[in-house]
Amino acid sequence: MRRFRTKRAIAAAAVALAAVLGAGGWTADTQSAVTGPPPGSAGWTADTALGLRLPDPATSTPAQVAAFFADLTPAQQDALAVRHPLVVGNLDGAPVGLRYRANTLALTAEHDRELARTTDPALTPQDHQAARTRAERYRTLLDGGRQILAFDPRGRGQVAEVFGDLTTAPHTAVIVPGSDIDLLTFDRATEPYGTPAGMARALRQATDGRTAVIAWAGYTTPLGLGVDAATEDLARAGATRLDRLLDGLAVSTRPEAPATVFCHSYGSVVCGLARPTPARASGLVVLGSPGMGVDSAADLDPGVPLWATARNDSDWIGDVPNVRFLGLGHGADPTDPGFGARPLPATGSHGHTGYFTPGTASLAAYAAIALGRG
């Protein structure tokens, strides 16, 4: 009997993997997660120009970072942003406005660097095209006073953009995306409500501007549907980064009103493994979820309410079996009543990325939760 159960579990895992890898096309590519302190940290820690020891980005908590900057004059803060834009722009706990300033400087420098690469005779035509693509992305992020809370050009690139005023808005929300999201794809005109930036705009509008929303493409996501999407390695690395983001928001914005976190697709695995506390999050909302890497809502902090959005009939994620075996799969279905999440409707939504579309029951529910009416 035990041998039969084991064979059945292995078969279920194989079916799950086949579904994950076959639902949208197999990819054997695996990603190396971008982890650790921001680029330029070595130069930052060696900087003695202010006669002060700067907080180590690798070991200092956001609270320690916030306390350090609170003791500096505006001129001293700005001097650090000018000398170390990639560090200050990604330093959770640093003043929000200073991070916007630092990331503008970092984006400008990276734009100019990529622009120079477009005509570098030592590079291939493919390199020239890639440089043009990146330079154009950086240019768009510099247009129109966009508020870039984080920017890291390493790997496929990471970025976080704020819609609204984080320091004055009565409510805050964070969008955690799933697969195929990076610096180049976090905001696409061809899919206005299926990217973190599009979701953030829709949620802010649905709350009549009373919620500041962060579109967070701040971790290395899986590419396509393959081994990375079926395992949790990238999600664990992302959970560490999400924890730090939420810690930073708690000390640099309004600690009495922690963010509501909306977790799409593979992003719900990131949220489940992060297990935020009430000090970091006022609630978790999952949508298009393949599982959260936990067996039930009881495995998460009981002080953080969890909502699970019903899957619409055209969301392919419903074809992925909810198993977790030999490192494959992401566990129980959060929409199952036995999981213990609070149910949300999805009437009017279509497809895997349609839950934030205006006019849907899901977006109306998200707005109510973001406004504290859950």
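Tutor: Start with a definition: a cavity is a set of grid points where a 1.4 Å probe fits but cannot get out, while a pocket is an open set. Keep in mind that this is a predicted model.

Student: How many cavities of 30 Å³ or more does that rule give?
Tutor: The general idea is that rolling a probe the size of a water molecule over the atoms shows where empty space is left. Here the count comes to 3 cavities of 30 Å³ or more. The largest cavity holds about 40 Å³ of space.

Student: Which residues line the largest cavity?
Tutor: Look for T172, L249, A250, T253, R254, A257, P258 and A259. By class, that lining has 5 nonpolar, 2 polar and 1 charged residues.

Student: Now the open spaces. What volume does the largest pocket have?
Tutor: About 460 Å³. Its lining counts 24 residues, and G36, N90, D92, R241 and R244 are the ones nearest the centre. Strand 2 (147-152), strand 3 (158-163) and helix 10 (233-252) are the elements that give two or more residues to this lining.

Student: Which element gives the largest share of that lining?
Tutor: Helix 10 does, with 5 residues. Sorted by class, the lining of the largest pocket has 12 nonpolar, 6 polar and 6 charged residues.

Student: And how much space lies in the second largest pocket?
Tutor: About 380 Å³. It is lined by 26 residues, with S179, D180, S265, W316 and H352 closest to its centre. This lining splits into 12 nonpolar, 11 polar and 3 charged residues.

Student: On to helix packing. At what angle do the axes of helix 6 and helix 7 cross?
Tutor: Read the angle against a cut-off: over 145 degrees counts as roughly antiparallel. The axes of helix 6 (residues 96-117) and helix 7 (residues 125-142) cross at roughly 155° and come within 8 Å. Helix 6 and helix 7 are therefore roughly antiparallel to each other. The crossing of helix 6 past helix 7 is left-handed.

Student: Which residues make that contact?
Tutor: From helix 6 you have T104, L107, T108, E110, H111, E114, L115 and R117, and from helix 7 H128, A131, R134, A135, Y138, R139, L141 and L142. By class the contact of helix 6 with helix 7 has 7 nonpolar, 4 polar and 5 charged residues.

Student: Helix 6 also packs with helix 4. At what angle?
Tutor: Here the cut-off is the other one: under 35 degrees counts as roughly parallel. Helix 4 (residues 74-83) and helix 6 pack at about 30°, with their axes 9 Å apart. That makes helix 4 roughly parallel to helix 6. Their crossing is right-handed. The contact brings together Q77, D78, A81 and V82 of helix 4 with L98, R101, A102 and L105 of helix 6. Its residues divide into 5 nonpolar, 1 polar and 2 charged.

Student: Back to helix 10, which gave residues to the largest pocket. At what angle does its axis cross that of helix 3?
Tutor: Roughly 40°, and the axes of helix 3 (residues 62-70) and helix 10 come within 8 Å. Helix 3 and helix 10 are therefore oblique to each other. Helix 3 passes helix 10 with a right-handed crossing. Helix 3 contributes P62, A63 and A66 to the contact, and helix 10 contributes R244, D247, G248 and V251.

How values were computed: Residues are numbered from 1 along each chain as its sequence is written. This is a predicted model: local features need pLDDT of at least 70, side-chain atom pairs count only at pLDDT 80 or more; totals for chains, interfaces and linings use all residues. Side-chain values use heavy atoms; hydrogens and water are left out. On a 1 Å grid over the protein atoms alone, a cavity is a set of points where a 1.4 Å probe fits but cannot get out, and a pocket is an open set with protein on both sides within 12 Å along at least five of seven lines; lining residues have an atom within 4 Å of a point. Grid points are joined across faces, edges and corners, and a volume is the space filled by probe spheres set on the points. Helices (H or I, at least four residues) and strands (E, at least two) are DSSP runs, numbered from the N terminus. Ala, Val, Leu, Ile, Met, Phe, Trp, Tyr, Cys and Pro count as nonpolar, Asp, Glu, Lys and Arg as charged, and the others, Gly among them, as polar. Axes are lines fitted to C-alpha atoms, for helices over the stretch in contact, and angles run from 0 to 180 degrees between N-to-C directions. Angles under 35 degrees count as roughly parallel, over 145 as roughly antiparallel, 65 to 115 as roughly perpendicular and the rest as oblique. A crossing is left-handed if the near helix is turned anticlockwise from the far one by less than a right angle, and right-handed if clockwise. Contact means heavy atoms within 4.5 Å.
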